[in-house]
Amino acid sequence: MLALLAITPLMRYAVARYAAPAEVGSRSGCDACGSPISLDRPWPALGPIARCHGCGTRVGAPSGTVELAAVAALAALLLTRPPAAELAAAAWWLAFAIPLVFVDLAVHRLPDRLTWPAAAGTWLLLGVAALTGAGAAPWWRATAAGLGLALFFAVTTLLLGARGFGIGDAKLAVSAGALLGWYGWSLLVVGLLLALVLSGLVALALLISGRARWSSHLPFGPYLVLGTLGALLLVW
Ligand SMILES: [Zn+2]
């Protein structure tokens, strides 16, 4: 499980790379001086300090934030100790979900390069959990829940356009829905409600403080991740 901490430079790499506007797609170097951002030379750009080694400009997520999120996620897993195979699925999911939160907050995007591996790995590791004792029933339910939640998000996007969730949210919902559905349909509902309540409260706070308007589009990915983790903590 210390692996989750050891991979924070990888998470930072994902954030720095994909927290770029849609028309750019992905970033390969420092915005200010062009020094490459690479895993060959992770320090200091991909360390907690998050500064370019060339010019000292901040690269990716703010200093310490990715590490703090990883420590919080690790603490949640260590304190609750879910069964090994379910723990592996959750850890895999978090390794992608944490960078996705930072990317979504920065550029309102949930790139396929992160949402699809999150979905595939979570689904396969839940399959391992099914084969090593849990049986097929929760795995089928997880599969149906992931696809169902994704379909629900996709339909709202098609019906409501920019006011709906977003196609990126639908892709993230495949893995989040699978993790929740593994534990039952009611947990899927709890996770979704938690996410909606959290996002509603934050939107309200932003409206009251004048930092957002009714027309503002707020990212939903961070709330989907928090709601999923919150619901999982209830059953672990
Ligand atoms: Zn630089």
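The exercises below work through the fold, the domains, the core and the record annotations of a predicted model.

Residues are numbered from 1 along each chain as its sequence is written. Because the model is predicted, local features need pLDDT of at least 70 and side-chain atom pairs count only at pLDDT 80 or more, while totals for chains, interfaces and linings use all residues.

**Exercise 1. Describe the secondary structure and the overall dimensions of the chain.**

Step 1. The chain has nine helices and zero strands, where helices (H or I, at least four residues) and strands (E, at least two) are DSSP runs numbered from the N terminus.

Step 2. The C-alpha atoms fill a box of roughly 55 × 40 × 30 Å along the principal axes.

Step 3. The radius of gyration of the chain, taken over C-alpha atoms, is 18 Å, close to the 18 Å that the globule rule gives for 236 residues, so the chain is as compact as a globular protein of that length; the rule is 2.2 Å times the number of residues to the power 0.38.

Step 4. Of the 236 residues, 41% count as buried, a residue being buried if 20 or more other C-beta atoms lie within 10 Å of its own, exposed if 12 or fewer, and partly exposed in between, with C-beta atoms placed from the backbone.

**Exercise 2. Find how domain 1 and domain 2 touch each other.**

Step 1. The domain assignment, which is automatic or comes from a database, gives domain 1 (1-81) and domain 2 (84-236), and their C-alpha centres lie 21 Å apart.

Step 2. Contact, meaning that the C-beta atoms of two residues, placed from the backbone, lie within 7 Å, joins 19 residues of domain 1 to 18 residues of domain 2.

Step 3. On the side of domain 1 that touches domain 2, α2 and α3 each supply at least two residues, and α3 gives the most, with seven.

Step 4. By class, this side of domain 1 has 18 nonpolar, one polar and no charged residues, where Ala, Val, Leu, Ile, Met, Phe, Trp, Tyr, Cys and Pro count as nonpolar, Asp, Glu, Lys and Arg as charged, and the others, Gly among them, as polar.

**Exercise 3. Locate the largest nonpolar core and the residues with the most contacts inside it.**

Step 1. A nonpolar core is a set of buried Ala, Val, Leu, Ile, Met, Phe, Trp, Tyr and Cys residues joined through C-beta atoms within 7 Å; the largest one here has 70 residues, and Val15 and Ile98 have the most contacts inside it.

Step 2. Among the helices that each supply at least two residues are α2 (8-18), α3 (65-80) and α4 (84-107), and α4 gives the most, with 14 residues.

Step 3. Domain 1 and domain 2 both give residues to this core, so the core lies between them.

Step 4. Leaving out residues up to four places away in sequence, Ile98 touches Met11, Val66, Ala69, Ala70 and Ala73.

Step 5. Nine of the eleven residues of α2 are buried, so this helix is largely enclosed by the rest of the structure; the buried ones include Met11 and Val15.

**Exercise 4. Compare the UniProt annotations with the helices of the model.**

Step 1. UniProt (unreviewed entry) places "transmembrane region" at residues 87-107, 114-133, 139-161, 182-208 and 214-235; such positions follow the numbering used here, feature names are shortened, and annotations may be inferred rather than shown by experiment.

Step 2. Residues 139-161 are 96% helix, with end C-alpha atoms 32 Å apart, whereas residues 214-235 are 68% helix, with ends 35 Å apart.

Step 3. The unreviewed entry also lists "domain: Prepilin type IV endopeptidase peptidase" at residues 94-203, a span that is 88% helix and 0% strand.
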